[in-house]
Every structure is written in C-alpha cells, then in structure tokens.
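Please examine the fold below with the sequence at hand. The paragraphs that follow lead from a sheet to a pair of helices and then to individual residues.

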Amino acid sequence: RRTRRRGYPPGPRGLPLIGNILQIPQDRQWLKWAEWKAQYGDVIRISILGTPTIILSSMQAATDLLESRGNIYSDRPTATMAGELVGWSRGLGYAQASNNPRFRELRRLFHQFMGPRACAEDTLLRIQERENKRLLRKLLSDPDNFDAHARNCTSSLILVLAYGYPSNLGDPLDLVKIAEDAMEGFSVASEPGRWWVDSFPVLKHLPTWFPGASFQREAQRMRADLDRLFDVPYQYVKKEISSGRPNPSFLLSYLEEKNGQESAEEEELVQAFAAALYSGGAETTPSALTSFILAMALNPEVQDRAQMEIDALLTRPNSPHGSIPTRLPTFEDRAQLPYISAVVKEIWRWQPSVPLGLPHVVTQDDEYRGYTIEKGSVVWANIWAILHDEKIFPKPFSFRPERYLTKDDKASATVAAAFGFGRRICPGMHIADNGVFIAIATILCMFRISKSVDEQGKIVEPIIEYDGFISHPRPFKCKIELRSEELRSVIDTDLEH
Ligand code: HEM
C-alpha cells in the first residue's frame with residue numbers, strides 16, 4: 001500500500017533565508033529540540049541558513065533511517081573550517097562515507113584494533129587495568145581534582161595504546177601537550193556558527209593577507225598543531241623500532257604487518273587513524289567518568305547497592321579485612337557484577353556525552369512515512385531525547401540502574417543509541433565501555449563518594465549543569481574518601497603486579 005504523500009515533515013516556522021537559526025539556542029540545543037518533539041513529533045524538519053535539517057527524536061525513526069537506510073544516510077556535512085582548512089577530514093569523523101576508500105580503510109583499522117574481538121583480548125584488557133590504577137592512585141593522593149585526573153589518564157591511555165608511549169616516565173616529548181593543542185583546534189574549528197567560511201565555502205579561496213581573512217591564519221596555526229600530532233608520536237615509534245625494543249602499540253602492529261614496506265600513503269593513513277583516537281576519545285570518556293562521580297554523590301543508595309555487590313564477590317571468608325575486598329575487581333569479574341554493569345549503562349543514558357551525536361547527510365531524495373526528505377538534508381538524531389523517552393525509561397531524570405535488571409529489559413537495547421547509528425556508529429564504543437566499567441568498578445571498590453561539606457558543616461548540593469557539544473558537567477565539589485584504611489594496602493599490593 002502506498003503511503004499518502006505528505007510533503008515535508010512538520011516543524012516550527014522559520015524566517016526567509018535564515019530559516020530557524022534564531023530559534024536555536026547557542027548551547028544545549030537538545031533541550032529545545034526535545035520541546036519540538038512534544039509539539040511536532042519525532043521527525044521534524046527545520047532550515048538553517050537554507051540547509052534543510054531533519055531532527056529524529058525516537059529510536060524507531062533513527063534506526064529506520066540511519067541504520068536500515070544507512071547506505072544513503074552516512075555522509076557528513078562538509079565542514080570547511082575544521083575538515084578542509086584545518087585538515088580533520090583526513091581523519092574519520094569528518095570523512096565522507098560514499099565512494100571513499102579511505103573511510104572504509106579507517107573504519108577497518110578501528111575494527112581491527114578496537115572492535116569487539118580486539119577489546120576482549122588479554123593484552124588490551126591488562127593495559128586498560130594497569131592504566132586505570134594510575135587513576136586510582138591519583139584519586140587517592142589528590143581527590144579534589146578528579147576531573148583533571150579523568151582527562152589526564154584518558155589521554156595517557158590513548159598514547160599508550162596508539163604509540164606505546166609509556167605513561168610513567170613524565171612525558172619527555174610533551175605529547176600530552178601536543179595532543180591537547182591539536183584537540184583545542186578541533187573543538188574551536190568545529191564550533192557551529194563560529195566561522196563564516198562554513199556557511200560560505202567560497203571564502204576558503206581568500207588569501208591570508210586579505211582583510212577579514214584572519215580565519216585563514218587561525219586555520220594555518222591549527223593545521224600546524226594537527227601536523228605535529230600526526231608526526232611527532234609517529235617518529236617516536238619509528239625510533240623505538242630502530243632501537244630494537246619498541247613497546248607494543250597499534251602503530252607498531254600496523255608497521256610490523258607492512259614489514260618495513262609501508263608506502264607514504266599508508267604511513268599517512270595510520271597517523272590519521274592514531275589522531276582519530278584522540279578526536280573521538282579524549283573528551284567523551286572523561287565526561288562519562290565525571291558524570292559517574294556526580295551520580296554517586298547524588299544517589300548514595302545506588303552506591304550502597306553497588307558496593308554490596310562488589311564486597312560480596314571480592315571478600316574472602318575470614319579475610320583479615322572483615323567485609324572489605326581483598327583485591328581490585330578485574331574484567332573477568334564483570335559477568336558476576338550485574339548491578340555494576342547496569343550502573344555503566346545508566347551512565348551512558350543519564351547524561352549522554354554526545355547528546356546530538358554527529359550530523360549525517362542524506363545523499364539521495366528519500367521518502368519516510370509519506371514525508372519527503374531532500375537529498376543534501378543534514379540529519380541529526382537527538383540522542384538525549386531518545387535516552388529520556390518516558391515510555392522506555394520511566395522517570396528518565398532519575399539515576400536508576402535497576403531499570404536494566406527487569407525481565408522484559410527494553411532499556412538495554414536502546415542505551416546503545418548513546419554511541420550513534422549505522423555505518424557511522426562510534427568505533428570506540430567497546431573500548432570506552434570497558435574503560436568506564438573498570439574505572440567504575442575499581443573506584444566503587446576503593447572509595448566512598450559523597451557530597452562535600454562547607455566550613456560551617458553544611459552539605460553542599462552539587463548542581464547538575466551540563467554544557468558543550470561534547471557535554472560535560474560544570475565543575476562541582478564532592479568528597480572521595482578511602483572506604484577503609486585497609487584498602488590502602490589492597491591498592492598497593494595490587495599495584496605492584
Ligand atoms: C563516552 C564514550 C563515547 C561516546 C558516548 C561516543 C559517542 C559517539 C557518537 C554518538 C558518535 C557519532 C556516531 C554517529 O555519527 O552516528 C561517535 C563517533 C565517533 N567516535 Fe565515539 N564515543 C565515545 C568514545 C569514543 C572513543 C574512546 C573513541 C576512540 C578511541 C571514539 C571514536 C569515535 C570516532 C572516530 C567517531 C567518528 C566515526 C565516524 O565518523 O565514522 N569514541 N562517538
């Protein structure tokens with residue numbers, strides 16, 4: 001049966017030429033778009049400076065289009081500033097999917113090094129456990145700066161995995177700074193609405209000296225930072241190889257496969273792959289870890305239940321520590337920690353780190369539920385709205401891991417939306433899930449997280465405020481204390497292994 005043609009999907013009326021741009025807030029657009037869902041439905045069309053823009057706010061619509069019809073919904077909008085001028089289109093996030101062998105090759109590398117099979121391998125799991133212990137140590141010695149520790153430990157894990165660059169030698173090559181500079185350029189160049197050249201790509205031909213073309217100079221500076229991220233760590237690996245004792249890393253495995261015969265293009269490709277780990281992982285994982293700390297400070301009953309689960313598994317009868325664990329949890333314990341696994345899922349849902357995902361572009365005219373979707377439309381999935389759908393997640397603003405432990409668990413399948421859709425689904429999702437699991441399980445084993453207390457002894461309520469395209473909680477205070485002095489020896493003995 002043919003569906004009745006209904007024209008474009010509904011949406012709020014805009015102004016001529018500029019469309020709906022003035023109705024979209026600068027920050028936390030997902031909240032406005034969720035309001036529009038209530039008014040117009042789960043498939044909405046707006047226009048931004050003449051570009052038709054479709055917003056999908058239900059799991060059904062997002063999977064119908066971005067997954068089932070992924071062959072035409074998997075390109076990205078052209079990002080002139082960040083992608084072309086600064087050069088991030090050499091990586092994966094900004095690469096076009098259609099007819100682009102480089103896209104396939106980069107996805108393949110992600111799959112090889114951090115797909116589900118690679119993420120279950122012992123070597124990778126042991127590195128993640130070892131690096132996670134650095135986070136525990138930092139929380140032990142300086143608990144107030146938990147946010148900085150989450151960032152720092154995520155950065156050094158990426159350097160260890162990608163280049164085998166040791167995290168315990170004080171960063172002699174300044175690689176953390178090099179990566180941070182490049183990432184700063186990535187965020188600034190990607191800011192929607194900041195660069196005229198994104199709306200009028202013809203401006204990219206202006207020479208640097210031309211009045212008003214200061215963006216060209218900024219792009220050059222950011223590009224130099226990105227080139228350094230491609231080059232310096234790569235040279236480090238090459239030098240290690242020639243010294244004869246390189247540490248294991250993704251780059252090393254790739255170069256070993258090529259047996260010293262890598263072409264200039266292959267060298268460039270693997271450099272771009274390694275840099276893509278940064279652009280995808282450096283901001284997202286720390287945001288999830290900080291959300292976890294916030295969730296625990298706000299929900300002591302969840303923390304009690306999670307700690308009871310850990311204690312029951314890791315406390316030996318007649319242990320010298322009483323009911324305190326005698327070792328840290330490991331990946332092998334995960335199957336026996338269903339409540340902790342549910343806490344991880346709830347972290348992905350409660351405050352998703354990328355609430356709007358990344359934009360997709362449709363490469364062909366299409367029809368959905370009788371509505372016309374024009375070729376070239378930018379398509380966003382409102383991940384935040386999908387993960388706060390009351391029908392699937394009753395009381396969506398509450399942090400309730402038990403929602404995944406019911407018999408007819410519809411919630412677990414939907415939580416995967418936190419990582420996007422179809423051919424563009426986050427290729428770092430397994431490593432991120434593992435990293436957040438091990439951090440959560442070991443932090444809960446070691447520490448008690450609670451609201452902080454001011455000088456007058458009054459409890460300070462942390463405020464739940466998020467901002468940024470990669471959404472991050474605003475700075476808040478809380479207490480992170482060892483659950484028991486005995487645990488200090490557990491962490492010390494465990495750390496010596
Ligand atoms: C908190 C953890 C993370 C979350 C919530 C997250 C979420 C996302 C989302 C929503 C997308 C867009 C998918 C789409 O377009 O439909 C994405 C893409 C991407 N993510 Fe992640 N991510 C996380 C961690 C990571 C990590 C650790 C890495 C790498 C080590 C990574 C690498 C990437 C890359 C390269 C892309 C672009 C893929 C493409 O365009 O084909 N992500 N991520």
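Two residues are said to be in contact if their C-beta atoms, placed from the backbone, lie within 7 Å. The structure is a predicted model, in which local features need pLDDT of at least 70 and side-chain atom pairs count only at pLDDT 80 or more, while totals for chains, interfaces and linings use all residues. Residues are numbered from 1 along each chain as its sequence is written. Helices (H or I, at least four residues) and strands (E, at least two) are DSSP runs, numbered from the N terminus.

Strands are paired if DSSP finds at least two bridges between them. By this criterion 4 strands form an open sheet of mixed pairing, in the order S1-S2-S6-S3. Strand S1 (residues 43–48) runs antiparallel to S2, to which it is joined by 6 bridges. Across this pairing, Arg-45 stands opposite Ile-54 in S2, and Ile-46 stands opposite Thr-53 in S2. The two strands form a hairpin with 2 residues between them, and Leu-49 in the turn has a positive phi of about 45 degrees. S2 is also joined to strand S6 (residues 378–381), here by 4 bridges and in parallel. Ile-54 stands opposite Val-379 in S6. In a regular strand the side chains alternate between the two faces of the sheet.

How enclosed are these strands? A residue counts as buried if 20 or more other C-beta atoms lie within 10 Å of its own, as exposed if 12 or fewer do, and as partly exposed in between, with C-beta atoms placed from the backbone. In strand S2 (residues 51–56), 5 of the 6 residues are buried, so the strand is largely enclosed by the rest of the structure. S1 is mostly covered, with 5 of its 6 residues buried. Helix H2 (residues 59–68) lies across S1, S2, S3 and S6 and runs at about 140 degrees to S6. Axes are lines fitted to C-alpha atoms, for helices over the stretch in contact, and angles run from 0 to 180 degrees between N-to-C directions.

A helix pair comes next. The axes of helix H6 (residues 146–163) and helix H12 (residues 284–298) come within 9 Å and cross at roughly 145 degrees. From H6, the contact is made by Phe-146, Asp-147, Ala-150, Arg-151 and Thr-154, and from H12 by Thr-285, Pro-286, Leu-289, Thr-290 and Ile-293. These residues divide into 5 nonpolar, 3 polar and 2 charged, where Ala, Val, Leu, Ile, Met, Phe, Trp, Tyr, Cys and Pro count as nonpolar, Asp, Glu, Lys and Arg as charged, and the others, Gly among them, as polar.

Helix H6 also holds Cys-153. Cys-153 counts as buried because 25 C-beta neighbours lie inside 10 Å. Beyond its neighbours within four places in sequence, Cys-153 is in contact with Glu-131, Arg-134 and Leu-135. The C-alpha atoms of Cys-153 and Lys-133, 20 residues apart along the chain, are separated by 9.5 Å.

Another cysteine carries a record annotation. An unreviewed UniProt entry gives the annotation "binding site" for Cys-426; UniProt positions follow the numbering used here, feature names are shortened, and annotations may be inferred rather than shown by experiment. Cys-426 is found in the loop between helix H16 (411–415) and helix H17 (429–446). Is Cys-426 buried or exposed? Cys-426 is buried, because 23 other C-beta atoms lie within 10 Å. Leaving aside neighbours within four places in sequence, Cys-426 is in contact with Gly-280, Phe-419 and Gly-420.

Other loops contain exposed residues. Asp-174 is found in the loop between H6 and helix H7 (175–190), and has a positive phi of about 60 degrees although it is not a glycine. With 12 C-beta neighbours inside 10 Å, Asp-174 counts as exposed. Val-453 is in the loop between strand S7 (447–451) and strand S8 (466–467), and is exposed, with 12 other C-beta atoms within 10 Å. The C-alpha atoms of Val-453 and Arg-424, 29 residues apart along the chain, are separated by 44 Å.
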